[in-house]
Amino acid sequence: GCSCGNKIHFDHDLSGRKTMLPVLPTMGVGSYASPGWLVSARKMLRRGELGEHDIEELFDDALTICISDQLEAGVDILTDGELRRQRFVFKLYDALEGLERVEPLRRGGVSGYDMAPHFARVDSLSAPDGLGVVQDFSALKDKAPPGHPLKSALPGPLTFASFIDVSGSSVSDLLTELVTIVRAEIEGLIDAGADFVQLDEPGLTNLPLELAAEEAAAVVNRTLSGFPGKLAVHVCFGNNAGRPFADRCMGRLIPAIEGLACNQLVLEFANREMAELDVLRALSQRFEIAAGVVDVKNFYLESAERVAARIRQCLEVVPAYKLSITADCGFSALPRHSAREKMMALVAGTRLVRDELEGG
């Protein structure tokens, strides 16, 4: 059930339970900004200066901070911040067998995608111990307030494939292996009690392996098919060090996203000055929409009123009961002080619009 003007509407998690959320629920996309001490401790970790208990305490404390910042801001749906992963997808390659690391062609100068890890497929891919996302979610569930809605996000097969060279091997085999691995992780998240799961697919904006848009969408649908309840797909233009890596035209993505087998699309608009909102008229007929109304690729701090104005623009093309409020992408490319301020502005702006809906 739902009501645009009322405070509460019902959402469904993966188990079919009803979750009570306010109209225009707020959430992060996935990652959160690392506290400064965590950045320093990671350097110690790479040098082998921390023991097993030190590492456990390190990431446990980081999760506590992440949850606390979200609760202080008033975020409705919590994430674990992906602080154990470091850099969204790249840490997860450590869980994959059948890959060989390829040295980057550039190491000096500004950080960029050509410095990111790349891999070659040398054998069948597998993840014998899973990707670690289920364990991250379980830690979040243990620490979060009981009953608070939780979301878990993980990269999809296209995004994994974007950094894998398949020269001399089968593209079809690689994609099948990646779909199997990601599906197993989603099954584990459902078993662990995830409220809903989000598949992150920046690979849809910069298609890997010379795939056509419809072929790429079919890979995503193979990954999500058959799972019950709430599933989202986050389509991103890239956010490594706050930079995109793809043509940021939303219209060209429609053939790839209009047939996705999910409940919600998570899309970025703030860093594109809310351009192409009209694509949401048709998409919101089929999907719930989580609209990015805070720019995480910019140090500029939006006011609550600026956020509210962006939400009002979204409401011109999406019914309130189908709209969730989020940032353009994860907060990991920002310092924590900036991420906290932007998250607070996100919630404060949303509350302004909620008050208007209730008054109307």
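Modeller: Let's begin with Thr-205, which sits in the loop between β7 (196-200) and α6 (213-224). Keep in mind that this is a predicted model.

Colleague: Is Thr-205 buried or exposed?

Modeller: Thr-205 is buried, because its relative accessible area is 3% and the cut-off for buried is under 20%.

Colleague: Which backbone oxygen does the side chain of Thr-205 reach at 2.8 Å?

Modeller: That of Pro-202. A polar atom of the Thr-205 side chain also lies 2.9 Å from the backbone oxygen of Cys-236.

Colleague: What else is Thr-205 in contact with, leaving aside neighbours within four places in sequence?

Modeller: Besides Cys-236, the contacts of Thr-205 are Val-235, Phe-237, Phe-245, Ala-246, Arg-252 and Leu-253, with those sequence neighbours left aside.

Colleague: Remind me what a disulfide is?

Modeller: A covalent bond between the sulfur atoms of two cysteines.

Colleague: How many disulfides does the count come to?

Modeller: The count is 0.

Colleague: And is Cys-236 buried or exposed?

Modeller: Cys-236 is buried, with a relative accessible area of 3%. Cys-314 also counts as buried, at 0% relative accessibility.

Colleague: New topic: helices. At what angle do α2 and α3 pack?

Modeller: Helix α2 (residues 52-73) and helix α3 (residues 133-143) pack at about 60°, and their axes are 10 Å apart.

Colleague: What do we call that arrangement of α2 and α3?

Modeller: Oblique. Roughly parallel would need an angle under 35 degrees, and roughly perpendicular starts at 65, so α2 and α3 fall in the oblique class.

Colleague: Is the crossing of α2 and α3 left-handed or right-handed?

Modeller: The crossing is right-handed.

Colleague: Which residues meet there?

Modeller: From α2, Asp-60, Leu-63, Thr-64 and Ile-67; from α3, Ala-139, Leu-140 and Lys-143.

Colleague: Last one. Where does Ser-324 lie?

Modeller: Ser-324 is in strand β11, which covers residues 323-326. Ser-324 is buried, with a relative accessible area of 6%.

Colleague: Which side chain makes a polar contact with the side chain of Ser-324?

Modeller: That of Gln-264, at 3.5 Å. Leaving aside neighbours within four places in sequence, Ser-324 is also in contact with Pro-25, Ile-289, Ala-290 and Ala-291.

Terms used:
Residues numbered from 1 in each chain as written. Predicted model: local features only at pLDDT ≥ 70, side-chain atom pairs only at ≥ 80, totals over all residues. Heavy atoms only, no water. Helix = DSSP H or I, 4+ residues; strand = E, 2+ residues; numbered from the N terminus. Buried < 20%, exposed > 50% of the residue type's maximum accessible area, 1.4 Å probe, protein only. Polar contact = N/O pair within 3.5 Å; in protein donor to acceptor, adjacent residues only side chain to side chain. Contact = heavy atoms within 4.5 Å. Disulfide = S-S within 2.5 Å. Axes fitted to C-alpha atoms, helices over the stretch in contact; angles between N-to-C directions. Parallel < 35°, antiparallel > 145°, perpendicular 65-115°, else oblique. Left-handed = near helix turned anticlockwise from the far one by under 90°.
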